[in-house]
Amino acid sequence: MFEVRNLSVSIEGVLKLNDINLKVKPGELHVIMGPNGSGKTTLAMSLMGHPRYKIVNGDIILNGENIKELPMYERTRKGLFMSFQHPVEIDSLRYLTFLLEVLKKNGKNPDIDWIKRVFEKMGLSEEFLNRNVNAGFSGGEKKRAELAQMLLLSPKYAILDEPDTGVDVDSMKFIAGAINEALSRGTGIVLITHYARILNEIGKGFYVHILAGGEIKAEGGPELAEKIEKQGFGE
Ligand SMILES: Nc1ncnc2c1ncn2[C@@H]1O[C@H](COP(=O)(O)OP(=O)(O)OP(=O)(O)O)[C@@H](O)[C@H]1O
Ligand SMILES: [Mg+2]
């Protein structure tokens, strides 16, 4: 189980998340929705261990182990994955070289044909593997490549920060397909999204948590996501 207990986080001395609790079991999907600036990316980055986000209270427990002091790469090694809202471009590193390195560091035995197949499954031709990481990729291509990384790493738990923002209908299907595949393999997923449309493509039940002003204000099932889609966050 991946468990967030009473987590409070500050950025440069200002409290941004207050007393967040979340429990994710293998194969479960937990959806986080909330207005712009409510702290969703802050939560994702804090769980992953980005040094800018300071944990002032609480714990992050991965399969019984408190990982809140561990650096980002150690969390990755323990089976935590994150896809970024704004994937960075790295101009001097070929995507394939990057992937081979990441996979090796995480105890996988990378096989180039397998990597090509996973990229193809995400609608990305071999050409993308020969380009530098995200360099000049369109918004949708970047997000599909992030989810290809998830499928290659097969993490225990994945935090996906708006994988469906700015993507067209076809890209969205690739992304939903990757989420469904990871769930069926037993990956527990925290999905940050603004849209119910991706949730319509998810083949199983899920939990919804509403984050506003750095706090979880409401929790429920798919009906909560539909309500937000129709009525907005309101007051
Ligand atoms: N490095 C930083 N320095 C100061 N404030 C920051 C920093 N990073 C984030 N914040 C602030 O923290 C708050 C939460 O930001 P966050 O990026 O977590 O929002 P979000 O819920 O992901 O929003 P969106 O839906 O727009 O992606 C915002 O008010 C933001 O301006
Ligand atoms: Mg965000």
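Me: How many of the 5 residues of β3 are buried?
Reply: β3 (29–33) is a strand, a DSSP run of E, at least two residues, numbered from the N terminus. This strand is mostly covered. Buried means under 20% relative accessible area, exposed over 50%, partly exposed in between (1.4 Å probe, protein chains only). The buried count is 5 of 5.

Me: What kind of model is this?
Reply: Residues are numbered from 1 along each chain as its sequence is written, chains are lettered from A and ligands numbered from 1 in the order in which they are written, and side-chain values use heavy atoms, with hydrogens and water left out. Local features need pLDDT of at least 70 and side-chain atom pairs pLDDT 80 or more, while totals for chains, interfaces and linings use all residues, as this is a predicted model.

Me: Which residues of β3 point the other way from L29, V31 and M33?
Reply: In a regular strand, side chains alternate between the two faces of the sheet. In β3, L29, V31 and M33 share one direction. The others, also buried, are H30 and I32.

Me: Which residue of β8 is the bridge partner of L29?
Reply: Strands pair if DSSP finds at least two bridges between them. β3 and β8 have 4 bridges, in the parallel sense. The partner of L29 is I189.

Me: Which residue in β9 stands opposite I32?
Reply: β3 also runs parallel to β9, joined by 4 bridges. Opposite I32 stands H209.

Me: Which strands stand at the edges of the sheet?
Reply: The open sheet has 6 strands in the order β6-β7-β8-β3-β9-β10, with mixed pairing. Its twist averages 20° from one strand to the next. Two strands have a single partner each, so one side of each lacks a neighbour in the sheet: β6 and β10.

Me: At about what angle does helix α8 run to β9?
Reply: Helices are DSSP runs of H or I, at least four residues. Helix α8 (222–231) lies across β3, β9 and β10, with contact meaning heavy atoms within 4.5 Å. Axes are lines fitted to C-alpha atoms, for helices over the stretch in contact, and angles run from 0 to 180 degrees between N-to-C directions. The angle to β9 is about 45°.

Me: Which residues are the protein donors of the magnesium ion?
Reply: Donors are N, O and S atoms within 2.8 Å of the metal (3.2 Å for Na, K and Ca); water is not among the atoms, so sites may look incomplete. For ligand 2 the protein donors lie 2.0 to 2.2 Å away. One sits in helix α1 (40–48), the other in the loop between β6 and α3, so the pair ties together parts 44 residues apart in sequence. They are T41 (OG1) and Q85 (OE1).
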